[in-house]
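Here are some friendly notes to read alongside the model, written as numbered points. Please keep the viewer open as you go through them.

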There are 2 protein chains.
Amino acid sequence: MLLAMRRVAIIGVGITKFGEHWEKGLRDLALEAGIKALEDAKISGEKIDAGYVGNMASGSLAGQEHLGALLGDYLGLNPIPITRVEAACASGGVALLQAYLAVASGMHDIVVVGGVEKMTDLSTEQVTAILGGAGDQEWELFHGATFPALYALMARAYMNKFKAREEDLARVAVKNHKHASLVPYAQFPKPITIETVMNSKYIASPLKVFDSSPITDGASALVLAPLEIAESYTNKVVEIKAIEQASDTIALHDRSSLVEINSTKVASKKAYKKAGLSPKSIDVAEVHDCFTIAELLAIEDLGFFKKGEGFKAVGEGKTTFGGDIVINTSGGLKAAGHPVGATGIKQAYEITLQLRGEAGKRQVKNAQIGLTHNVGGSGATAVVGIYERVS
Amino acid sequence: MLLAMRRVAIIGVGITKFGEHWEKGLRDLALEAGIKALEDAKISGEKIDAGYVGNMASGSLAGQEHLGALLGDYLGLNPIPITRVEAACASGGVALLQAYLAVASGMHDIVVVGGVEKMTDLSTEQVTAILGGAGDQEWELFHGATFPALYALMARAYMNKFKAREEDLARVAVKNHKHASLVPYAQFPKPITIETVMNSKYIASPLKVFDSSPITDGASALVLAPLEIAESYTNKVVEIKAIEQASDTIALHDRSSLVEINSTKVASKKAYKKAGLSPKSIDVAEVHDCFTIAELLAIEDLGFFKKGEGFKAVGEGKTTFGGDIVINTSGGLKAAGHPVGATGIKQAYEITLQLRGEAGKRQVKNAQIGLTHNVGGSGATAVVGIYERVS
């Protein structure tokens, strides 16, 4: 990097309820989240200079591409540029990175960035096939390897290598449902037990229904501004200290290891370095738990726990309230829901609430520094963001 | 804009043949264009810091999303960030803008940006439905308004208002086919006559088969670098003087006028201003002629000719070799082909060849300044770039 870039703050946040919104369409959800974010920032649409939206598959799910223009239109933002970005389940994270760059570079001042997915209009089988497009369609999905199957391979490898059991995976789900029970926007805000998970049906052994994130409709949005003017909009300024993206092979069979996600390791190392922080600095993190195994890989690859010891940390309560680091106060993808394109933005929404001290019953005490971790596919893309309360 | 940004140059270009590639898949096409661009820049993959890819609809066309990661993988670029950007038929232009920003900001030095679409694996009816997702699915396509129908409405309005005839539209196609006959990568490199167009079947009156761009497979790629180091890679440096994006309503029925594309006007005004140039400065331009009417609107909205007089200029030969400004030396979308996500990048490819003096039989003499104009949908997105040969 040769030029100084500006520091970037989050000055407004918005979210819809996550769940099955049969009465609302894609544009309604995005509009609701966007308007809430603008209201939260107490800013009018005319002040917005550009927009970004993360969405994975509205083309396949709803026959609607060109979401940037669609949502800009419905938010009344014409003629400013609005751009859709896609990286499968990391679409939200990648959109946030592009929005950050637009502000940091000085190209734009006030930028709105949203994520949205409307998934429940099709059958589970149809949605599973569409989500398979996040991996290698020709070499994985075509041969029957859906996402539960791919993560099941990782789970099996992890269990074999580190002597973990299905109950150890289940504990991630139990923790995240407990957290979600405190979250107004969560799709499944109810506690479950180990038995709930263990007695649920296998989707792809060893992963069961309750090891898996649900199919969800929802949207989330943020308003970004240069740090230097953020205080004119809010007295609780949250800075994006770093946001970094890395990639790995699209297909699982090309990886050297199934018990780590290299893109997470690379992106997080770059993010820690840029922020001048270490994993120990993080008070609260939203990580990508599309399946329970994914959370174990994440908390190890992000450096919170040693490789192969994440499941023990979960079992010892180190990743919930009162532990070393609270992981997924939102309930994660598992229990808050996973409207694919919205997830990366929702993670930043949740961390912003935590750093502002506005997380209600799920507030982590004295949370100053937070992290988001958003994964595309089986790890071919990862985006890691680090956030700090600065005023 | 508060910060100085770096000047950005194109140091390498690549393209595949446009046409029906039944023997090649999406990833093969993208790989071929990407490797050609790296070879043209005489740069190895390890020097690349990030990538962007423009693609409209690989999810619907091939069941494959997450193209950034897929193509990064196949180009051997892991673990650098690679990001897919989508804005319907302007996907390539928007990807180029994001890549430009990544270099201009100082976030990355060497960035590869590609565009790709593999469209001929499905039937024309299926592809037409998928392309309808570039407009308003709920309010246009669902009711039968495909893209030929939307542009036919614009054509009818233009003909009524300015007393143009179907023959005036046809002349755009004749010119572009004449140009394409000189272009090695063109899908239809053969001259046609007014009669060819006039005797072709109506698709949506007044637009006929030969008023319409074809369904095409193809890819194109560019390598970008900061201007300050561009001469270490090439002795024919082409600078991106400006690239600007604007938006309009997604649906045609919300526009105040059907005889202009406001996003083109806004984006081009911003681009001219940033480049410190006027329409008169442009020697050669690639404009978005998905239908013949679109080229007439474009050359007026870009300021080359007065509103309502574009068709006369075409009739008088002002837009071909020896005229005021040569429009679509490539043959345009009409005759070179329109692999949707690749088109915006191919336009920059063609202009780069022209400014380098490497355009062979279609070379515009002493071309110093060129322009690209890429439209999404019926005009909900437009991207305008201005390029200059600087060494």
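1. Let me begin with a helix of chain A. In α1(A), the buried residues are A:L26, A:R27, A:L29, A:A30, A:L31, A:E32, A:A33, A:G34, A:A37, A:L38 and A:D40. That makes 11 of its 15 residues, and the helix is mostly covered. Please bear in mind throughout that this is a predicted model.

2. What covers those buried residues? The cover of the buried residues of α1(A) includes β1, α2 (58-62), α3 (67-74), β4 and β7 of chain A. The length of the helix can be checked too: α1(A) runs over residues 26-40, and because 15 residues at 1.5 Å a residue should span 21 Å, the 21 Å between its end C-alpha atoms agrees with expectation. Just after α1(A), look for A:K42, which takes a positive phi of about 50 degrees.

3. Helix α1 of chain B, residues 26-40, has 15 residues and reaches 21 Å from its first C-alpha to its last, close to the 21 Å expected. Among the buried ones are B:L26, B:R27, B:E32 and B:D40. Their cover includes β1 (8-15), α2 (58-62), α3 (67-74), β4 (111-117) and β7 (218-226) of chain B. Just after α1(B), B:K42 has a positive phi of about 50 degrees.

4. How are the two chains related? Chain B superposes on chain A by a rotation of 180 degrees with 0.0 Å of shift along the axis, at an RMSD of 0.0 Å. The two copies are thus related as by a two-fold rotation axis.

5. Now the interface between the chains. In chain B, 55 residues are in contact with 55 residues of chain A. On the side of chain B that touches chain A, two or more residues each come from α2, α3, β3, α4 (91-104), β8 (238-247) and α10 (262-275) of chain B. By class, this side of chain B has 27 nonpolar, 22 polar and six charged residues. Since 100% of the interface residues of chain B are also interface residues in chain A, the copies meet through the same surface.

6. Strand β3 deserves a visit, as a place where the chains pair. Three bridges join β3(A) to strand β3 (residues 82-86) of chain B, and the two strands run antiparallel. A:V85 stands opposite B:V85, and A:E86 has B:R84 as its bridge partner. Within chain A, four bridges join β3(A) to strand β2 (residues 50-54), and this pair runs parallel. There, A:G51 stands opposite A:I82.

7. Is β3(A) buried or exposed? Strand β3 of chain A, residues 82-86, is mostly covered, with five of its five residues buried. In a regular strand the side chains alternate between the two faces of the sheet. Here both faces are covered: A:I82, A:R84 and A:E86 are buried on one side, and A:T83 and A:V85 are buried on the other.

8. Next, the domains of chain A. The domain assignment gives domain 1 as 8-122 + 216-238 and domain 2 as 133-210 + 241-385. Taken over C-alpha atoms, 23 Å separate the centres of the two domains. Their contact takes 37 residues from domain 1 of chain A and 32 residues from domain 2 of chain A.

9. Which elements of domain 1 of chain A touch domain 2 of chain A? At least two residues each are supplied by β1 (8-15), α4 (91-104), β4 (111-117) and β7 (218-226) of chain A. The largest share, eight residues, comes from α4(A). By class, that side of domain 1 has 22 nonpolar, 11 polar and four charged residues.

10. Finally, a single residue to look up. A:V197 is found in helix α8 (residues 194-198) of chain A. Why does A:V197 count as buried? It has 22 C-beta neighbours inside 10 Å, and the cut-off for buried is 20 or more. Leaving aside neighbours within four places in sequence, A:V197 is in contact with A:A170, A:A173, A:V174, A:I192, A:K208, A:F210 and A:D211. The C-alpha atoms of A:V197 and A:E166 are separated by 9.3 Å, although these residues are 31 apart along the chain.

Technical notes. Residues numbered from 1 in each chain as written. Chains lettered and ligands numbered in written order. Predicted model: local features only at pLDDT ≥ 70, side-chain atom pairs only at ≥ 80, totals over all residues. Buried ≥ 20, exposed ≤ 12 C-beta atoms within 10 Å, placed from the backbone. Pairing = 2+ DSSP bridges. Least-squares fit on C-alpha atoms with pLDDT ≥ 70 in both. Contact = placed C-beta atoms within 7 Å. Expected span 1.5 Å × (residues − 1). Nonpolar A, V, L, I, M, F, W, Y, C, P; charged D, E, K, R; others polar. Domains from an automatic or database assignment.
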